[in-house]
Amino acid sequence: MLTRRIIPCLDVKDNRVVKGVNFLNLRDAGDPVELGKRYSDTGADELVFLDITATIRSRKTIVEMVEKVAENVFIPFTVGGGIQTVEHFDVLLRSGAEKVSVNTAAVENPHLLSEAAERFGSQCVVLAIDARRSSKDACRWQVCVKAGTEPTDIDVVEWAGKGEKLGAGEILLTSMDADGTRAGYDNELNRAVRRGRKAGASLRGHC
Amino acid sequence: MIVVIDYNIGNVRSVCKAFSHIGCDVKLSRDAGDIDTASALVLPGVAAFGYAIEALGDAAELVKDAAGRAKPLLGICVGYQLLFAKSSEYGQYAGLGLVEGEVIPIPPGRVIPHMGWNKVKASAGMDLFAGMDENKHFYFAHSYYAKVADAQAKVAYTDYGFDLPAAVQKQNIYGTQFHPEKSGPAGLQVLKNFARIAGEKSD
């Protein structure tokens, strides 16, 4: 059966890896290609790079970064941030990424997940969800978009199930409440999303 | 020189980079002359089956002819699935038919896609795994699998609640459901073994 995976997830801004707490107070953490190679050499099973600026200008830089990572790293890696069309998937997969993650664009146009799955296979399609515990109902989490800046009324557990049905092969779940706090995984959230789902919830965040 | 077939499909670059990394002479091409003079061919692939076979287009016949003339051929992931006769992924499609069997969905009752690192148990005499410890881990990412029905094929398996074929070898035809180019040192060793089969140098 499958082995448990260790997947470092690197947030990239202006071609640098950054770390923050609860998505705020970002500080520089190094070069993405060098860090990716170091994680890979020291036994990481996979890597995730998320372009958290995701502007049109930064997309070109991200493609260049993906090409450099692919030259140096021989484990799977996912790239995300600002992905809006299947053509964006195509460019990043051709540049050497194994999977592409979508977040805001999938909320705005859920069929992007099925279009991408049909063309590239669902194993390439990762649905990234930024989850924040609802202030109205402590047993629920709400989906936040645009790098966590805009909360929606969408329920995280429902959205994960729907995304999976549409074609996402993996869920990249980030707890905004636990992000960067070094308090460990938000297991209450993780368990809630895992329940009743088939896809291999790849869990990210924290520490 | 090893020729990786360029058919406008995901991850061709990773496969080329991995061969370069182990010191192999490698070229990305779908040119008839290159395919003819190559020491071996590689069919990579990250895509759905139907999209892949369509994108392969007229290169399909060139690859089949070369394989028929005993040129070593390595299919990876969807490239491996293309070696079989047919697939039912998003429709019914014919493959290259070099190995008997069909590509069908992984049966329900487990997490799908089968995605992550899993142990592979090779049969005796499988050249891709030469000199390696038994039970190495490799990286898988797929929702369909090839049900091998070829008495001449040697098959390696991985356990996914059933014996899931992870690699085949039939004369000069090789294929891996897993991604050797994404499986760290064990994967690079598989590619080195393929380079040796092709008579190519590697580090």
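Q: What makes a pair of side chains a salt bridge?
A: A salt bridge is a side-chain nitrogen of Lys or Arg within 4 Å of a carboxyl oxygen of Asp or Glu. This is a predicted model, in which local features need pLDDT of at least 70 and side-chain atom pairs count only at pLDDT 80 or more, while totals for chains, interfaces and linings use all residues. Residues are numbered from 1 along each chain as its sequence is written, chains are lettered from A in the order in which they are written, and side-chain values use heavy atoms, with hydrogens and water left out.

Q: Why is the pair B:Asp58 and B:Arg30 called a salt bridge?
A: The closest N and O atoms of B:Asp58 and B:Arg30 are 2.9 Å apart. The limit is 4 Å, so the pair qualifies.

Q: What parts of chain B does the pair B:Asp58 and B:Arg30 tie together?
A: B:Asp58 lies in the loop between helix H3 (49–56) and helix H4 (59–68) of chain B, and B:Arg30 in the loop between strand S2 (26–29) and helix H2 (32–37), so the pair links parts that are 28 residues apart in sequence. Helices (H or I, at least four residues) and strands (E, at least two) are DSSP runs, numbered from the N terminus.

Q: Why is B:Asp58 called exposed?
A: Its relative accessible area is 60%. Buried means under 20%, exposed over 50% and partly exposed in between (1.4 Å probe, protein chains only), so 60% counts as exposed. B:Arg30, with 31%, is partly exposed.

Q: What makes A:Glu170 and A:Lys99 a link between parts of chain A?
A: The side chains meet in a salt bridge at 3.0 Å, N to O. A:Glu170 lies in strand S10 (residues 170–175) and A:Lys99 in strand S6 (residues 99–102) of chain A, so the pair ties together parts that are 71 residues apart in sequence. Both residues are buried. Salt bridges that share partners join A:Arg5, A:Glu46, A:Lys99 and A:Glu170 into one network.

Q: How do you know that chain B is in contact with chain A?
A: Contact means heavy atoms within 4.5 Å, and 36 residues of chain B are in contact with 32 residues of chain A. In chain B, B:Met115, B:Trp117 and B:Lys182 lose the most area to chain A, together 23% of what that side buries.

Q: Why is B:Lys182 called buried?
A: Its relative accessibility is 1%, so B:Lys182 counts as buried. B:Lys182 lies in the loop between strand S13 (173–176) and H6 of chain B. Its contacts include A:Phe74, A:Phe77, B:Trp117 and B:Tyr139.

Q: What makes B:Lys182 part of a salt bridge with chain A?
A: The side chains of B:Lys182 and A:Glu98 meet at 3.6 Å, N to O, so the pair falls within the limit for a salt bridge. Across the interface of chain B and chain A the rule finds two salt bridges.

Q: Why do S6 and S10 of chain B count as edge strands?
A: An open sheet of four strands has the order S6-S5-S7-S10 in chain B, with mixed pairing. Strand S6 (93–94) and strand S10 (144–148) each have a single partner strand, so one side of each is left without a neighbour in the sheet.

Key
Buried area = accessible area lost by both parts, 1.4 Å probe. Pairing = 2+ DSSP bridges. Lists of a residue's contacts leave out its neighbours within four places in sequence.
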